[in-house]
Amino acid sequence: MGNSAGRSDFEWVYTDQPHTQRRKEMLAKYPAIKALMRPDPHLKWTVLGLVLAQLLACWLVRGLAWRWLFFWAYTFGGCVNHSLTLAIHDISHNTAFGTGRAAHNRWLAIFANLPIGLPYAASFKKYHVDHHRYLGGDGLDVDVPTRLEGWLFCTPARKLLWLLLQPFFYSLRPLCVHPKAMTRMEVLNALVQLAANATIFSLWGLKSMVYLLASSILGLGLHPISGHFVAEHYMFLKGHETYSYYGPLNWITFNVGYHVEHHDFPSIPGCNLPLVRKIAPEYYDHLPQHHSWVKVLWDFVFEDSLGPFARVKRVYKLAEDPL
């Protein structure tokens, strides 16, 4: 139980990410895939339903005992809020209204952010673009843990703690790895969130506000849905840096499990990703895949070969600023 994880460094590679070339090949072979790059007309209504469900839950929990409040925050609120973060992920690719209505997408993401309790949507979009463009990029892809995380969280007990604290690492890591100037949308996101929090607190009191924050922290920490954080890019098999999961939890996570497909075609909304695999099964069926996000978490904690260091990293040469 106290043994250190076997890895002492990331898996450094000197090749381009595989998604770029596969995308070119697939589009040349299957032009019909381009037709899937269209907005999801149901996404905005799904987001509305999830936000209203959490607001109703806020009203219902206002008189509950604390132990039951945290129970429902984990079992129900955690699922809803995690789902909303993945809605924001989908929206960050302009899949709700299309690239021609980028502002509509941004404001829908801010609306989806309301039950999460902390401003998240605008900052996520700013960094998520780099995750796709520079997958595993040293100092660029903030999805990759820091060297300190890899060194510190190297035993089963520490890895379990790392999973519990995932929301905090995902929030703070960008500020350490690749800090960027604050944008106008981030300021607006924060102001709207503060106004929403103040309204909920004034209407229904402290317990409702704690319920929302607990839903986010618990739902993004050691939670079955959080298995996708580890499943997507941690190197379970050498030579493979992105993995898909085709199980039932995709129904409440906007098909984020179709992660190889998503990185191949980021502009395709989650609802259409299963069609990518259906059109071109020979590109996906042979790849290693996960069958359970819970097992992913179990293996991550107890397998010595897995830990924060079990990520592929590469160095990208960026064009220098002529000024």
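Helices (H or I, at least four residues) and strands (E, at least two) are DSSP runs, numbered from the N terminus. The structure described here is a predicted model, in which local features need pLDDT of at least 70 and side-chain atom pairs count only at pLDDT 80 or more, while totals for chains, interfaces and linings use all residues. Residues are numbered from 1 along each chain as its sequence is written, and side-chain values use heavy atoms, with hydrogens and water left out.

The protein chain contains 14 helices and four strands. Its C-alpha trace spans about 55 × 50 × 50 Å along the principal axes. The radius of gyration, taken over C-alpha atoms, was compared with a globule rule of 2.2 Å times the number of residues to the power 0.38. For 323 residues a compact globule would have a radius of gyration near 20 Å, and the value of 20 Å found for the protein chain agrees with this.

Burial was assigned from relative accessible area, with buried meaning under 20%, exposed over 50% and partly exposed in between (1.4 Å probe, protein chains only). Of the 323 residues in the protein chain, 51% are buried. The accessible surface of the protein chain comes to about 15,500 Å², and carbon and sulfur atoms account for 67% of this surface. These areas come from the Shrake-Rupley method with a 1.4 Å probe, and for residues only the protein chains shown count as cover.

Contact means heavy atoms within 4.5 Å. Among the contacts in the protein chain with a separation of 6 or more, 79% are between residues 24 or more positions apart. For charges, Lys and Arg count as positive and Asp and Glu as negative, whereas His and the chain ends are not counted. The place of a charge is taken as NZ of Lys, CZ of Arg, CG of Asp or CD of Glu. On this basis the protein chain has 30 positive and 23 negative charges, and their mean positions are 7 Å apart.

Two residues other than glycine with positive phi are described next. Asn94 has a phi near 60° and lies in the loop between helix H3 (66-91) and helix H4 (102-113). Asn94 counts as buried because its relative accessibility is 16%. Phe254 has a positive phi of about 55° and is placed in the loop between strand S2 (244-245) and helix H12 (259-264). With a relative accessible area of 17%, Phe254 is also buried.

Phe254 is in turn one of the contacts of Leu86 when neighbours within four places in sequence are left aside; the others are His228, Thr253 and Val256. Leu86 belongs to helix H3 and is buried, since its relative accessible area is 6%. The C-alpha atoms of Leu86 and Gly270 are 9.8 Å apart, although 184 residues separate the two in sequence.

Val296 sits in helix H14 (residues 293-302). Its relative accessibility of 2% places Val296 among the buried residues. Beyond its neighbours within four places in sequence, Val296 is in contact with Gly227, Val230, Ala231, Phe236 and His290. Between Val296 and Pro224 the C-alpha distance is 9.4 Å, for a sequence separation of 72 residues.

Pro274 is part of helix H13 (residues 273-279) and is partly exposed, at 26% relative accessibility. With neighbours within four places in sequence left aside, Pro274 is in contact with Asn255 and Tyr258. Pro274 and Pro179 are 95 residues apart in sequence, and their C-alpha atoms are 35 Å apart.

Arg184 is located in helix H9 (residues 184-204). This residue counts as exposed, because the relative accessibility of Arg184 is 65%. Arg184 and Ala122 lie 62 residues apart in sequence, with a C-alpha to C-alpha distance of 9.1 Å.

A disulfide is a covalent bond between the sulfur atoms of two cysteines. Here a disulfide was counted for a pair of cysteine sulfur atoms within 2.5 Å, and the structure holds zero disulfides. The cysteine sulfur closest to that of Cys58 is in Cys79, at 16 Å, which is too far for a bond. Cys58 is buried, with a relative accessible area of 0%, whereas Cys79 is partly exposed at 23% relative accessibility.
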